[in-house]
Amino acid sequence: MDTRTGKASIESNERWCDAASAIIAAMNTPNDKPGTTHFGYRDVPVDEKQKLVGEVFTSVAGKYDLMNDLMSLGIHRAWKRYFVATSSVSRGDRVLDLAGGTGDIAALLRDRVGDAGEIVLGDINGSMLKVGRDRMTDRGNVNGFEYVQCNAEALPFPDASFDLVTIAFGLRNVTDKDAALRDMHRVLKVGGQARVLEFSQVTADWFKPIYDFHSFKVLPHLGKLFAGDSDSYQYLAESIRQHPPQDELKSMMQAAGFARCDYRNLSGGIVAIHTGYKV
């Protein structure tokens, strides 16, 4: 064989390997650029995500419950009931329900804390908070409730203020999840519990294509048909895929200071309940 030909072949192979290595490295590099974070599948400046998420929930606030029923075929109600039923809460406790939205979790907690207890609904979005307050008032749930528009990353409460902190279907929309978890830990009393109910990673491989089809094909269409807004529901589907999977979120809670952290998958991992304690 001509040595020049052999040398050219080796150099060609080396260039191909270098190119392949570059492609693999690019695939393994996080999407977030410095100073940016994800908004669905888009990279956006960190200081813009809160505004963009706010626009999504302002858009869907009026149809939020209807769309939850359509998206989950009503199963979200069972998830929420189980979430509350398995929480560590007693009569007289003070509870902070973050991303309280339309008040579903707060309404379920009401009987558990009793007349001596207090529930604070916190939500960063004023439109969602108004919907929740109006719904609770219509149900006759007035006493023992407080409504606070607040950012989960910087809660406006003193240390050790609550016996239980919950956040249902809201953590994935928080820009700095680590900061939110640290502040949840801060406002808990010693012995208090934090619980996170959130969409997570489906565990069964056979179900993933069906779930993806529902999320990216059916869900935006339902949003357009019933709420006149397909883009917001496209974002909601994308935000679920960007949320940390079960074990990663458990590690994040541990890093935030929580002890005895654990999680339970519901409906094959479509959602998971994460739990941690302040000790």
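The model is predicted, so local features need pLDDT of at least 70, side-chain atom pairs count only at pLDDT 80 or more, and totals for chains, interfaces and linings use all residues. Residues are numbered from 1 along each chain as its sequence is written, and side-chain values use heavy atoms, with hydrogens and water left out.

**Helix 8**
- Helix 8 (208–227), where a helix is a DSSP run of H or I with at least four residues, numbered from the N terminus, bends by about 35 degrees at Val 218, with Pro 220 following within four residues; the bend is the angle between axes fitted to the seven residues ending there and the seven starting there.
- After helix 8 comes Gly 228, whose phi is positive, near 65 degrees.

**Largest pocket**
- Helix 8 gives the most to the lining of the largest pocket, namely 5 residues.
- Of the 25 lining residues, Met 71, Ser 72, Phe 199, Tyr 211 and His 214 lie nearest the centre of the pocket; a pocket is an open set of points on a 1 Å grid over the protein atoms alone, where a 1.4 Å probe fits, with protein on both sides within 12 Å along at least five of seven lines, and lining residues have an atom within 4 Å of a point.

**Met 136**
- Met 136 belongs to helix 6 (residues 126–138) and counts as buried because its relative accessibility is 0%.
- The C-alpha atoms of Met 136 and Thr 102 are separated by 8.4 Å, although these residues are 34 residues apart along the chain.

Key. Helices (H or I, at least four residues) and strands (E, at least two) are DSSP runs, numbered from the N terminus. Buried means under 20% relative accessible area, exposed over 50%, partly exposed in between (1.4 Å probe, protein chains only).
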